[in-house]
Amino acid sequence: MDALKVLSIVLVVLHVADAAVIPCTWTQFRLRDLNEESIMLLEKMGATMPLRCLEDGWRALPDDVFLNAQNEDLAVVALETLRGVDRIFKNDQTSVTWDRETLGLFKNIISSRQVENLQKCVGEDASQSAVGSLSAGSSAGQLKSYFEELEEKLRVKVSSMPTKCQLQRTLAAKTHNLLETMTGPFPFQCLDDIPVEIRSPTWALQSNNSKQDVGAAKAVYKILMRVSSLMENDGFPRSWDADKLVKFQIIVDRQIEESECIMRIKTQKEEDDFPARDAALTDYFDKLEKLLKEKEFSVCGWEVVRRELLSVLQFILVEKSNNFW
């Protein structure tokens, strides 16, 4: 999606840093720092904007939109800007040649840290009331219209672009490596917490002939979905490397995004063995989730889950089916 490189979001994020004067402890100490980090990631994730994109007619953000916001609620203006950036980057980026890890970190900072925290600072009721009554001439109103226009242009551009459908071995290997190295070896004191009744259904990933390849590929996709769901829980052990954990989550989500089309592959009814694979994997991951809850998300509970996931990811890596990658 080369069109995204034409967006003047760097200027948007830069100007929003001025909203750090909003009387809220979080904005005073964190908003400006996070915006500076966002700018750095934007500049780092891609090369220079392609010259061919200059002819696509993208409207730049008016330079005075933030200067004219001095008489408005700066918190609402800042929140509307960050929400606009968040919406833009929730669009499909599979066709962009940007650095995926940097892109993922940028999206995480915008959505999970800036929007959520600024929303808490503003307050849900105040935010909804202010945004609901935006006037076209206000800075917040101009920002809302600006990002809506960008989203529409992106939808038009993306609709004519080819999509990719693949599971990449390099990403699977990186996922396994991050999970393995984010902390030390399996703790000796957690050995008694390994349940004998939980065994990964490796048969669900095996493919003995071309007719089974689709079912096996769908099983890998299902595993990625459940891994992502598991890692959305809170209370990770403090001994885990936080940066590697975030990168792990980002790469898993990227694999899900890029291989979603696998689930749309049709097979003959008599050859479709995915339902059986799906049932076995659902039972397996349900048991892992139950284990975490029973252990109250303790260190040993998480370490048992990490041990299981490493085993499953390792099996995926050694699987020889060419249709996976």
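Analyst: One term before we start: helices here are DSSP runs of at least four residues, numbered from the N terminus. With those numbers, Thr-183 sits in the loop between H7 and H8. Keep in mind that this is a predicted model.

User: OK. How many helices and strands are there in the protein?
Analyst: There are eleven helices and zero strands. Reading from the N terminus, the elements go α-α-α-α-α-α-α-α-α-α-α.

User: What share of the residues is buried?
Analyst: Of the 325 residues in the protein, 47% are buried. The accessible surface is about 16700 Å², and carbon and sulfur atoms account for 51% of that.

User: And the contacts, what can you tell me about those?
Analyst: Take contacts between residues at least 6 apart in sequence: 85% of them join residues at least 24 apart.

User: Back to Thr-183. Is it buried or exposed?
Analyst: Thr-183 has 17% relative accessibility, so it counts as buried, the cut-off being under 20%.

User: What is Thr-183 in contact with?
Analyst: Setting aside neighbours within four places in sequence, Thr-183 is in contact with Ser-239, Trp-240, Glu-303 and Arg-306.

User: Let's look at H7 then. What's its span?
Analyst: H7 covers residues 169-181, which is 13 residues. From first C-alpha to last, H7 reaches 18 Å, close to the 18 Å expected at 1.5 Å a residue.

User: Which residues of H7 are buried?
Analyst: They are Leu-171, Ala-172, Thr-175, His-176, Leu-178 and Leu-179.

User: Where do they sit around the helix?
Analyst: Looking down the axis of H7, the buried residues fall within an arc of 165°, so they line one face of the helix. Here's the background: an α-helix has 3.6 residues a turn, so residues three or four places apart point the same way.

User: What do the buried residues of H7 pack against?
Analyst: Two helices: H9 (242-258) and H11 (299-318).

User: New topic: aromatics. How many aromatic pairs are there?
Analyst: Searching the whole structure turns up seven aromatic pairs. One of them is Phe-236 with Trp-302, a tilted pair at 4.6 Å centre to centre with 40° between the planes.

User: Why would I care where Phe-236 and Trp-302 lie in the chain?
Analyst: Phe-236 is in the loop between H8 (210-230) and H9, while Trp-302 is in H11, so the pair ties together parts 66 residues apart in sequence. Trp-302 counts as buried, at 0% relative accessibility.

User: Which other ring pairs with Trp-302?
Analyst: Trp-240 does, in an edge-to-face pair: 5.8 Å centre to centre and 70° between the planes. Trp-240 lies in the loop between H8 and H9 and Trp-302 in H11, so this pair ties together parts that are 62 residues apart in sequence. Trp-240 is buried too, with a relative accessible area of 6%. And Trp-240 is one of the residues in contact with Thr-183.

User: Which residues form the aromatic cluster?
Analyst: Phe-236, Trp-240, Phe-297 and Trp-302 form one cluster.

User: Where is Phe-297?
Analyst: Phe-297 is in the loop between H10 and H11. At 28% relative accessibility, Phe-297 counts as partly exposed. Phe-297 also has a positive phi, near 55°, in a residue other than glycine.

User: What's usual for phi?
Analyst: Most residues other than glycine have a negative phi. Glu-296 also has a positive phi, about 55°, although it is not a glycine. Glu-296 is found in the loop between H10 and H11 and is exposed, with a relative accessible area of 68%.

User: What lies over the face of Phe-186?
Analyst: Arg-307 does, at 5.9 Å from the ring centre.

User: Last one: where is Ala-280, and what does it touch?
Analyst: Ala-280 is in H10 (residues 274-294) and is buried, with a relative accessible area of 16%. Leaving aside neighbours within four places in sequence, Ala-280 is in contact with Pro-201 and Trp-203. The C-alpha atoms of Ala-280 and Ser-200 are separated by 8.8 Å, with the two residues 80 apart along the chain.

Key:
Residues are numbered from 1 along each chain as its sequence is written. This is a predicted model: local features need pLDDT of at least 70, side-chain atom pairs count only at pLDDT 80 or more; totals for chains, interfaces and linings use all residues. Side-chain values use heavy atoms; hydrogens and water are left out. The expected span of a helix is 1.5 Å times one less than its number of residues. Buried means under 20% relative accessible area, exposed over 50%, partly exposed in between (1.4 Å probe, protein chains only). The arc is that of the directions from the helix axis to the C-beta atoms. Contact means heavy atoms within 4.5 Å. Rings of Phe, Tyr and Trp (its six-membered ring) pair if their centres lie within 6.5 Å; planes under 30 degrees apart count as stacked, over 60 as edge-to-face and the rest as tilted. A charge sits over a ring if NZ of Lys or CZ of Arg is within 6 Å of the ring centre and within 35 degrees of the ring normal. Accessible areas come from the Shrake-Rupley method with a 1.4 Å probe; for residues, only the protein chains shown count as cover.
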